[in-house]
Amino acid sequence: MTDIEKYIEENKNLINDFLKTHFSKKAYNKKFPHNKFSLNDAMLYTLATPGKRIRPIILLIAAESLGFSDKKRLIPFASSLELIHSYSLIHDDLPSMDNDSLRRGKPANHIVFGEASAILAGDALLAEAFVILSDNEYIEGFDPKKIIEIIRELSYTSGAGGLAGGQFLDVNSFGASLGFENIEYINKNKTASLIGAACAMGAILAGGDNLIVDNFKKFGSCLGLAFQTIDDVLGITGNKEILGKTTGIDKTNKKFTVVENIGLEKTYELINEYNEKALFYLNKTGAKSDALIEFTYHLTNRIN
Ligand code: GRG
């Protein structure tokens, strides 16, 4: 295992432990005798299934690269990103969106719980992320202004200015042959914005000034563009068992990704360009960036 793989593994466990403990303290498991499952079951079905946890991990590395060493205090904020991400995956798989039946190697949320419950599980995860970000126990000792800043960052990114805005254009473009710039615009919003927010939140919590936060956000956004582009490549060349999700779904949905637009060879060049741009902005943050550089290359070489 490389150093970054060890780091990811250790921190993944901290995030998973936090999520388990947080939800065990909550009373979202109310069900009537005729109910087979609670809302808590539907939320945790997707949230607790092993994912790569890259968004929380990147918040941790960003904060640590600016010298914030009390990692335990960052874990709730980092984990809130995973709730937003899991909600977006649940909604993304719905019949009215990507209509996919496999996620993280298991039947998608709506296949198990039904469409209405899956929508509500997604909604509840979205809201719970902000319950975590404003929880007295977790915010203790942080400057309240910083907490408001991270809440603004994550709420803006989750809404029209990020995930929902990008997804709106995406699902309303099935069958349309979009040019490169429009595809990149969608990717920037639906995927890269959350990775940018993760970096910005880490920098804010570590006390970075506006310029540092802005450069971290740009670093994350470029990294996120590379991440989505790799996802599109894996959607064509990847292995369904390793990916844990359906391959070829974009083709089924008549969704034209960067790969159809510029071809596979140029797509690999584009991924390198995004990474170079990411590292350019990272350099401008002045942070101790070794782990983030390693993380960037780790993501580029991913197979799932
Ligand atoms: C407001 C109704 C409404 C929807 C929310 C659904 C949505 C907006 C946005 C979805 C955007 C989306 C799902 C983008 C795909 C991003 C992506 C590459 C997901 C895969 O992420 P990984 O590889 O997955 O990190 P794991 O399973 O490892 O966590």
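1. Accessible areas here come from the Shrake-Rupley method with a 1.4 Å probe, and for residues only the protein chains shown count as cover. On that basis the accessible surface of the protein comes to about 14,200 Å², with 54% belonging to carbon and sulfur atoms.

2. This is a predicted model, in which local features need pLDDT of at least 70 and side-chain atom pairs count only at pLDDT 80 or more, while totals for chains, interfaces and linings use all residues. Residues are numbered from 1 along each chain as its sequence is written, and side-chain values use heavy atoms, with hydrogens and water left out.

3. The protein has 16 helices and two strands (DSSP runs numbered from the N terminus; helices are H or I of at least four residues, strands E of at least two). Its C-alpha trace spans about 55 × 50 × 40 Å along the principal axes. The radius of gyration is 19 Å, which agrees with the value near 19 Å for a compact globule of 304 residues (taken over C-alpha atoms; the globule rule is 2.2 Å times the number of residues to the power 0.38).

4. Of the 304 residues, 51% are buried (under 20% relative accessible area; exposed is over 50%, partly exposed in between; 1.4 Å probe, protein chains only). Among contacts (heavy atoms within 4.5 Å) with a separation of 6 or more, 76% join residues 24 or more positions apart.

5. A search of the whole structure finds six aromatic pairs (rings of Phe, Tyr and Trp, the last by its six-membered ring, with centres within 6.5 Å; planes under 30 degrees apart are stacked, over 60 edge-to-face, the rest tilted). One of them is Tyr45 with Phe113, edge-to-face at 5.3 Å centre to centre and 75 degrees between the planes. Tyr45 lies in helix α2 (residues 39-47) and Phe113 in helix α5 (residues 109-113), so the pair ties together parts that are 68 residues apart in sequence.

6. Phe280 counts as partly exposed at 47% relative accessibility, whereas Tyr281, at 18%, counts as buried.

7. Ile271 sits in helix α15 (residues 264-285) and counts as buried at 5% relative accessibility. Leaving aside residues up to four places away in sequence, Ile271 touches Ala226, Thr229, Ile230, Val233 and Thr300.
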